[in-house]
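User: Hi! Could you walk me through some of the packing in this model, one question at a time?

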Amino acid sequence: MTPAAPAYRRLSVEERRRQLLDAALSLFAHRAPEDVSLDDVAEAAGVSRPLVYRYFPGGKQQLYEAALRSAAEELRHCFDEPHGGPLLPRLARALDRYLTFVGRHDAGFSALLQGGSVVETSRTTAIVDGVRRAAAEHIYSHLGVADPGPRLRMTVRMWITAVEAASLIWLDEDRRPPADELRDWLVEQFVAVLAVTARRDPQTAELVRGALGAQT
């Protein structure tokens, strides 16, 4: 007897939307957004171009922003780390997830952070900035600071910018040094910039003596 063909399962609206977003994210991960067409997304998802338009009537811009929001949500989760245990290993685990994300999204990550995409808008910029702010809030939480002062806020946000820059250079340098070495160096950078700020800021000095004192 000839085996019966598997039954076709019609996807729900949410499942189909997720399928299209996954296809778009996969393409944006390896190519700059301006180099990806709706036909490319349709082909990757195994559907027709009109179906892509049915779910994203705003065309490529709407699809790109939706894919970016999805990626941003995944990136935010990189910083979701339980508060138990020493601070620096927590930060290292978060950076491991971050660098894994960067490695998977390669060209798309580079185009996004360098502002190199022709589909960049104030909305896409806001999405990326939201990830940076969320990362900063996670760091303040792990430091046990409910009301960070201006010097500490500036220090943390400068370090997040440095992490982004290092990630872009890492991709440009064919992912050298190895990710674990880059992670450790970034953790050391975090400790170093806090130590410099501590010389001028009592709030940061207290953090260095307390949360970081036993680990440095």
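Predicted model: local features only at pLDDT ≥ 70, side-chain atom pairs only at ≥ 80, totals over all residues.

User: How far apart in space are Arg 200 and Arg 151, C-alpha to C-alpha?

Analyst: In sequence, Arg 200 and Arg 151 are 49 residues apart. Arg 151 is one of the H7 residues that touch H8. From C-alpha to C-alpha, the spacing of Arg 200 and Arg 151 is 8.5 Å.

User: Is the crossing of H7 and H8 left-handed or right-handed, and how many nonpolar residues does their contact have?

Analyst: H7 passes H8 in a crossing that is right-handed. From H7 the contact includes Leu 152, Trp 159, Val 163 and Trp 170, and from H8 it includes Trp 185, Leu 186, Phe 190 and Val 193. Sorted by class, the contact has 1 charged residue, 3 polar residues and, to answer your count, 12 nonpolar ones.

User: What about H1 and H2: at roughly what angle do their axes cross?

Analyst: Helix H2 spans residues 38-45, and its axis comes within 9 Å of that of H1. H1 passes H2 in a right-handed crossing. The axes cross at roughly 115°.

User: Which residues of H2 make the contact with H1?

Analyst: On the H1 side, the contact is made by Gln 19, Leu 20, Ala 23, Ala 24 and Leu 27. By class, the contact of H1 with H2 has 7 nonpolar, 1 polar and 1 charged residues. The H2 residues are Asp 40, Val 41, Ala 44 and Ala 45.

User: Now for aromatics. How many aromatic pairs does the whole structure hold, and what is the geometry of Phe 28 with Tyr 64?

Analyst: A search of the whole structure gives 3 aromatic pairs. For Phe 28 and Tyr 64, the ring centres are 5.1 Å apart and the planes stand at 85°. Planes over 60 degrees apart count as edge-to-face, so this pair is edge-to-face.

User: Which helices does that pair of Phe 28 and Tyr 64 tie together?

Analyst: Phe 28 is buried at a relative accessible area of 7%, and Tyr 64 is buried too, at 5%. The two parts that the pair ties together are 36 residues apart in sequence. Phe 28 belongs to helix H1 (residues 13-30) and Tyr 64 to helix H4 (residues 60-77), so the helices are H1 and H4.

User: And what is the arrangement of the rings of Phe 79 and Tyr 98?

Analyst: Phe 79 lies in the loop between H4 and helix H5 (87-113), while Tyr 98 lies in H5. Phe 79 is buried at 13% relative accessibility, and Tyr 98 is buried at 5%. The ring centres are 6.0 Å apart and the planes are at 50°, so the arrangement is tilted.

User: Last one: which residues does Ser 70 contact, leaving aside its neighbours within four places in sequence?

Analyst: Ser 70 is part of helix H4. Its relative accessible area of 18% makes Ser 70 buried. With those neighbours left aside, the contacts of Ser 70 are Arg 18 and Leu 25.

Technical notes:
Residues numbered from 1 in each chain as written. Heavy atoms only, no water. Left-handed = near helix turned anticlockwise from the far one by under 90°. Helix = DSSP H or I, 4+ residues; strand = E, 2+ residues; numbered from the N terminus. Contact = heavy atoms within 4.5 Å. Nonpolar A, V, L, I, M, F, W, Y, C, P; charged D, E, K, R; others polar. Phe/Tyr/Trp six-rings, centres within 6.5 Å; stacked < 30°, edge-to-face > 60°. Buried < 20%, exposed > 50% of the residue type's maximum accessible area, 1.4 Å probe, protein only. Axes fitted to C-alpha atoms, helices over the stretch in contact; angles between N-to-C directions.
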